[in-house]
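Thanks for sending this one over.

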Amino acid sequence: MEPHIIKSEESVQSHYACPDLAQKIRAGFEQSKGSIETLSVRDLGPVDQLHTGGAPATLALMEKAELPKGASVLDAGCGIGGSSRLIAQKFGLDVTGIDLAPDFVDTARILTAWCGPDRIGTIDFHQGSVLELPYGNGSFDAVLSQHILMNIRNKATALAEFFRVLKPGGKLILHEITDGPGPEPQMPVPWAADVSISFLASWEALSTELKNTGFTLDFFSDETETSAQWWKKVNALTSKAPPRPLNPRLVFGDNAALFGPNMERNFSQRSACCIEAILVKPC
Ligand SMILES: C[S@@+](CC[C@H](N)C(=O)[O-])C[C@H]1O[C@@H](n2cnc3c(N)ncnc32)[C@H](O)[C@@H]1O
């Protein structure tokens with residue numbers, strides 16, 4: 001049966017449509033560093049980490065999850081595979097990435113091939129939706145949901161799918177943007193050019209939904225202040241120097257220039273919050 005696509009997913013796909021992205025990244029890399037033969041996972045950091053905090057945030061959170069080498073991880077909404085490559089290489093995890101946006105999945109595969117899969121480890125990418133995951137029950141030791149739920153209106157279905165594909169004892173690792181008590185978020189932001197595809201839920205609402213799904217909470221941290229500081233640093237750096245050849249504009253176009261100021265303000269005013277959490281599917 002063909003997977004069906006719902007209206008809000010079509011709009012999300014359009015937001016992340018980016019034809020020839022891998023070739024644009026290649027051109028940027030060759031302009032700054034030289035031959036694509038030398039490309040490493042680390043080199044891609046300025047363009048493939050589509051979340052607040054970049055690679056250091058992902059690594060610190062994954063350390064907390066304490067997954068053993070060889071554990072199977074689903075990177076749900078993997079974007080262009082930045083975190084998939086990073087955690088496969090750093091922790092020896094067996095990573096499957098899935099994303100709604102066909103251009104992103106193509107790009108994830110090409111970038112991984114250029115970095116040399118033998119240097120990264122076991123990694124695979126599929127196009128599809130977290131609302132209808134094409135995996136059997138109990139397929140994964142962990143699911144990473146990193147900056148994706150704010151694009152998903154029907155969070156109950158996504159969380160039920162995460163629960164279903166996890167093994168008993170498996171971990172759901174969240175690095176997400178939630179709604180905050182401050183004024184309406186300033187747009188555009190990386191996940192939406194306007195409010196039509198921004199579905200922020202408060203941590204209170206999300207944690208109730210997680211509990212109703214059957215998860216138990218193991219770890220929680222409100223990272224909003226740290227996130228505001230991170231964007232402040234990004235803004236300070238980008239205001240001083242011309243854009244580097246590898247930068248988020250390759251992915252998001254001219255709107256990317258507004259993300260820094262808007263996100264610093266959104267987090268500072270708690271219009272949006274950034275949370276990290278680790279939840280467990282009981283045995
Ligand atoms: C802000 S990006 C984050 C990408 C990646 N997790 C990262 O941190 O680099 C959000 C991603 O979620 C994906 N996404 C949104 N809705 C989705 C869905 N229903 N199923 C799968 N992926 C989805 C988008 O296509 C996009 O790649």
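1. An oxygen atom of the ligand sits 3.0 Å from a polar backbone atom of Leu-50, and a ligand oxygen is 2.6 Å from a polar side-chain atom of His-51. A nitrogen atom of the ligand lies 2.9 Å from a polar backbone atom of Gln-146. Each is a polar contact, meaning a pair of N or O atoms within 3.5 Å; within protein, one must be able to donate a hydrogen and the other to accept it, and residues adjacent in sequence count only if both atoms are side-chain atoms. On its own the ligand has 600 Å² of accessible area, and the protein covers 99% of that (Shrake-Rupley method, 1.4 Å probe; for residues, only the protein chains shown count as cover).

2. Before you go further, please keep in mind that this is a predicted model: local features need pLDDT of at least 70, side-chain atom pairs count only at pLDDT 80 or more, and totals for chains, interfaces and linings use all residues. Residues are numbered from 1 along each chain as its sequence is written, and side-chain values use heavy atoms, with hydrogens and water left out.

3. How many residues surround the ligand? There are 21, and the closest are Leu-50, His-51, Gly-77, Asp-99 and Gln-146 (a residue is near if one of its heavy atoms lies within 4 Å). By class, this shell has ten nonpolar, eight polar and three charged residues. Here Ala, Val, Leu, Ile, Met, Phe, Trp, Tyr, Cys and Pro count as nonpolar, Asp, Glu, Lys and Arg as charged, and the others, Gly among them, as polar.

4. The axes of helix α2 (residues 21-32) and helix α6 (residues 102-115) come within 8 Å and cross at roughly 40 degrees. Axes are lines fitted to C-alpha atoms, for helices over the stretch in contact, with angles from 0 to 180 degrees between N-to-C directions; helices are DSSP runs (H or I, at least four residues), as are strands (E, at least two), numbered from the N terminus. The contact residues include Leu-21 and Ile-25 of α2 and Phe-104 and Trp-114 of α6 (contact: heavy atoms within 4.5 Å).

5. Two backbone details deserve a look. The Met-187 to Pro-188 peptide bond is cis, and Asp-20, not a glycine, has a positive phi of about 60 degrees.
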